[in-house]
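Here is a protein model to look through together.

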Amino acid sequence: DQSAAVERVVKAVGMEAWSKSGLCSDSGALKFRSNRLVIPWRNGAGQIVSLQRRVIEDHRAPKYVFPDGRGARVPYGLERAALNGAPPEVAFVEGAVDVLAYRALCRGRGRPRLVLGVPGVSNWRAAWAVYGRDRVAHVALDADDAGERAVHQIARDLYDAGAVRVLRTRPNGAKDWAEALAKRPP
C-alpha cells in the first residue's frame, strides 16, 4: 500500500501538481509502483519543477523515472545556489542520491561545495555550465566508462561559461559517491 506516500506527495506539492506530474495513474495511485523513492527536483527559487522516481528493490524496472516529457530542466540541488554565501566551488555529480552523498563527504572533510546533480551524463546540458562561472568546478561523475567519456565535453562547457578552473574528481575505490559514502569508515 503506497497511499501514505501519495498523501505525503500531495500534501507537499498539491493535488493539481500531483495529477499533472506524470507519475500519477488514472486512479490517483503511483504510476510506477516499483519505484518507491520520490525525489523532488527544484529550481533556483526552491519550487518543485519535476518529480523523479527511483526503484529500490526491483532490478528489472528502470532505476530512475521522470514523468513523460518532464525530465530535469535544472540540475538537482540548484536551490542551494541561491543561498547567501554559496561556496566558491561547484561539483557536478550524477543524480540526486550522489548529490546527497557528495555533500555529506564534503561536509565531513570541511570542503564546502555547491553540489549539483546531472540526471545521467547523457542528459548534460551545456546551459548548466553557467553555474560554474567564476568558480572552481569539479566534474565529479561516476568512475565508469560513461562518466569518463562525458568529462571532456562538460569541462569544455564549464571553461566556455567562465569557470576559473576545472578538475576531474573521482570517488576513490567506488563507482559513485553513494558507494564511496557507504564505504567510508565510521
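Q: Which residue of S2 stands opposite Arg42?
A: Arg42 stands opposite Ile48 in S2. This is a predicted model, in which local features need pLDDT of at least 70, side-chain atom pairs count only at pLDDT 80 or more, and totals for chains, interfaces and linings use all residues. Residues are numbered from 1 along each chain as its sequence is written, and side-chain values use heavy atoms, with hydrogens and water left out.

Q: What makes S1 and S2 (residues 48–54) a pair of strands?
A: Strands are DSSP runs of E with at least two residues, helices are runs of H or I with at least four, and both are numbered from the N terminus. Two strands pair if DSSP finds at least two bridges between them. S1 and S2 are joined by six bridges and run antiparallel, so by the rule of at least two bridges they pair. Their hairpin has five residues between the strands, and Gly46 there takes a positive phi near 90°.

Q: Which strands form the open sheet, and in what order?
A: The order is S5-S4-S6-S7, with parallel pairing. S5 (114–118) and S7 (165–168) are its edge strands, since each pairs on one side only. Within the sheet, S4 and S6 (residues 136–139) share four bridges in the parallel sense, and Glu89 has Val136 of S6 as its bridge partner. Helix H4 (residues 145–160) packs on this sheet and touches S4, S6 and S7, and its direction makes about 170° with that of S7. Such angles run from 0 to 180 degrees between N-to-C directions, with axes as lines fitted to C-alpha atoms, for helices over the stretch in contact.

Q: How many aromatic pairs are there, and why is the pair of Trp41 and Tyr76 called edge-to-face?
A: Rings of Phe, Tyr and Trp (its six-membered ring) pair if their centres lie within 6.5 Å; planes under 30 degrees apart count as stacked, over 60 as edge-to-face and the rest as tilted. By this rule there are four aromatic pairs. The ring centres of Trp41 and Tyr76 are 5.3 Å apart and their planes stand at 70°, so this pair is edge-to-face. The two residues are 35 apart in the chain: Trp41 is in S1 (residues 37–42), and Tyr76 is in the loop between S3 (64–65) and S4 (89–94).

Q: Are Trp41 and Tyr76 buried or exposed?
A: Buried means under 20% relative accessible area, exposed over 50% and partly exposed in between (1.4 Å probe, protein chains only). Trp41 is at 1%, so it counts as buried. Tyr76 has 12%, so it is buried too.

Q: What makes the pair of Trp124 and Trp128 edge-to-face?
A: Their ring centres lie 6.1 Å apart and their planes are at 90°, so the pair is edge-to-face. Trp124 is buried at 14% relative accessibility, and Trp128 is buried at 3%. Ring pairs also link Phe92, Trp124 and Trp128 into a cluster.

Q: How does the span of H3 (residues 96–109) compare with what its 14 residues should give?
A: The expected span is 1.5 Å times one less than the number of residues. For H3 this comes to 20 Å, and its end C-alpha atoms are 20 Å apart, so the two agree. Buried residues of H3 include Ala96, Val99 and Leu105. The buried residues of H3 pack against S1, S4, S5 and helix H5 (177–183), where contact means heavy atoms within 4.5 Å.
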